[in-house]
Amino acid sequence: MWFANFFIAGSITMVLPFLSLYIEKLGHFTDAYVQTWSGWVFSITFVTAFICSPIWGKIGDRWGRKKILILSASGLAISVLFMGFVTSVWQLFLLRLFMGVFTGFIPMSQALISTQTPKNIAGQVLGSLQTGSITGSLLGPMLGGWIADSIGYATTFQYVSITVALSAIIVYFGIQEQSIEKENENEKTSYRSSEVLGHIFRHPVLLMVMVVSLFVQVAHFSIQPILSLFVGDLHGPENLALFSGIAFSAAGLGNLMMAKQWGKIADKIGYVKILVILLFMAGVVYLPAAFVTNIWQLVALRFLLGVSIGGIIPVRTAYIRQEAPVAMQGEVLGYNTSIRFLGNIIGPSMGGMIAGFYGFSMVFFVTSGLLIISGMLMFLTMLKNAPKRKHVAHYP
């Protein structure tokens with residue numbers, strides 16, 4: 001599964017550094033037009049992903065997650081292949097919309113591993129799994145930028161589709177899904193959607209973890225579609241795709257170094273406590289990016305952002321693993337993924353519009369504020385519900 005996540009994350013992030021540059025090549029557009037449509041094209045994928053994620057999660061709970069992973073990778077490969085042949089922004093927009101139906105490979109792989117991992121080491125195991133997607137995300141933008149500068153944007157999309165298809169092959173031949181056993185005698189083997197939603201709303205900390213997922217995605221993705229344009233302002237047009245890739249990858253490097261460690265620490269001292277710490281850290285690190293004057297200052301801050309934000313995904317997934325019965329975890333994670341995708345919709349669109357009207361610096365101010373507010377909400381919810389929360393298991 002590590003290698004499948006590596007190929008998916010690496011392939012998809014290969015195209016991110018030049019997505020806005022690709023839009024520029026499709027016609028003669030103003031800067032404001034490109035910035036706004038970069039946000040919409042980037043985020044539209046997550047509209048259909050937002051709708052489909054709980055459905056895939058529920059199907060995975062009942063029929064197995066391996067089949068969903070194969071279908072997801074195959075759909076992604078086809079979508080990316082046709083992106084290399086578009087001749088207008090609308091065609092690219094519609095293909096990104098279609099792509100969203102199949103987006104969710106990495107969250108589904110996390111659900112697969114989560115349900116088959118003991119609770120007391122879930123953070124560490126999920127952190128290890130995330131290093132696969134992080135490594136792909138780290139190498140993908142740099143390789144994508146270099147390849148795009150060498151052979152062109154359209155051809156890069158076509159080659160990327162091949163590596164995405166490799167993930168489907170890896171899952172088909174390399175993954176053996178084990179049947180899930182009940183963790184206690186009173187636990188049901190299946191749940192209605194109303195029961196799953198009831199479980200979420202009866203656990204305030206779990207609900208807040210999912211709400212915070214929305215704010216984190218809005219904050220983190222607000223800068224993604226316009227990052228290459230910001231790099232262009234700082235560095236100039238020379239090797240722009242490559243330097244955009246370096247800026248993207250810097251966060252991945254910090255993420256790679258700390259994801260497993262944050263998961264291991266959270267297993268010992270508590271998932272919610274670590275989430276609070278990471279949210280405040282990320283908010284503080286984002287703010288100085290509004291004042292950078294060269295590309296390397298931005299790269300350094302992106303690295304620190306990766307260090308601080310690296311544990312959020314495995315820690316919150318491990319917390320859901322702790323709080324949700326096994327037979328409903330896929331659907332709960334599906335709702336969490338859906339909420340995250342809603343943030344992916346709002347974030348790029350918001351970032352593109354803010355940059356278009358107020359400049360790049362304002363995007364960093366807003367992002368920093370959202371992350372700090374998220375940390376405060378999580379902290380207050382943790383304090384209010386402290387007596388009701390379970391203690392996490394400790395390592396022997």
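Which residues is Leu 92 in contact with, leaving aside its neighbours within four places in sequence? Select Leu 92 and look around: Leu 19, Tyr 22, Ile 23, Leu 26, Val 41, Met 83 and Val 86 are in contact with Leu 92, where contact means heavy atoms within 4.5 Å.

Before going on, some ground rules. This is a predicted model, in which local features need pLDDT of at least 70 and side-chain atom pairs count only at pLDDT 80 or more, while totals for chains, interfaces and linings use all residues. Residues are numbered from 1 along each chain as its sequence is written, and side-chain values use heavy atoms, with hydrogens and water left out.

**The whole chain.** Show everything as a cartoon. There are 17 helices and zero strands; these are DSSP runs, numbered from the N terminus, of H or I over at least four residues for helices and E over at least two for strands. Of the 396 residues, 58% are buried, meaning under 20% relative accessible area, with exposed over 50% and partly exposed in between (1.4 Å probe, protein chains only). Among contacts with a separation of 6 or more, 86% are between residues 24 or more positions apart.

**Confidence.** Colour by pLDDT, the predictor's confidence in each residue, from 0 to 100. The chain averages 78, and 81% of the residues score at least 70. Now select residues 388-396: pLDDT is below 50 there, although this stretch has 21 contacts in the model beyond near neighbours in sequence. Where pLDDT is low, the predicted coordinates should not be read in detail.

**Asn 336.** Move to helix H16 (residues 329-358), where Asn 336 is found. Is Asn 336 buried or exposed? Asn 336 is buried, because its relative accessible area is 2%. Leaving out residues up to four places away in sequence, Asn 336 touches Val 209, Met 210, Ser 213, Arg 316 and Ile 320. The side chains of Asn 336 and Ser 213 are joined by a polar contact of 3.0 Å.

**Arg 65.** Finish in helix H4 (residues 65-83), which contains Arg 65. Arg 65 counts as buried because its relative accessibility is 1%. Select Gly 330 as well: the C-alpha atoms of Arg 65 and Gly 330 are separated by 8.6 Å, with the two residues 265 apart along the chain.

Note on methods. Polar contact = N/O pair within 3.5 Å; in protein donor to acceptor, adjacent residues only side chain to side chain.
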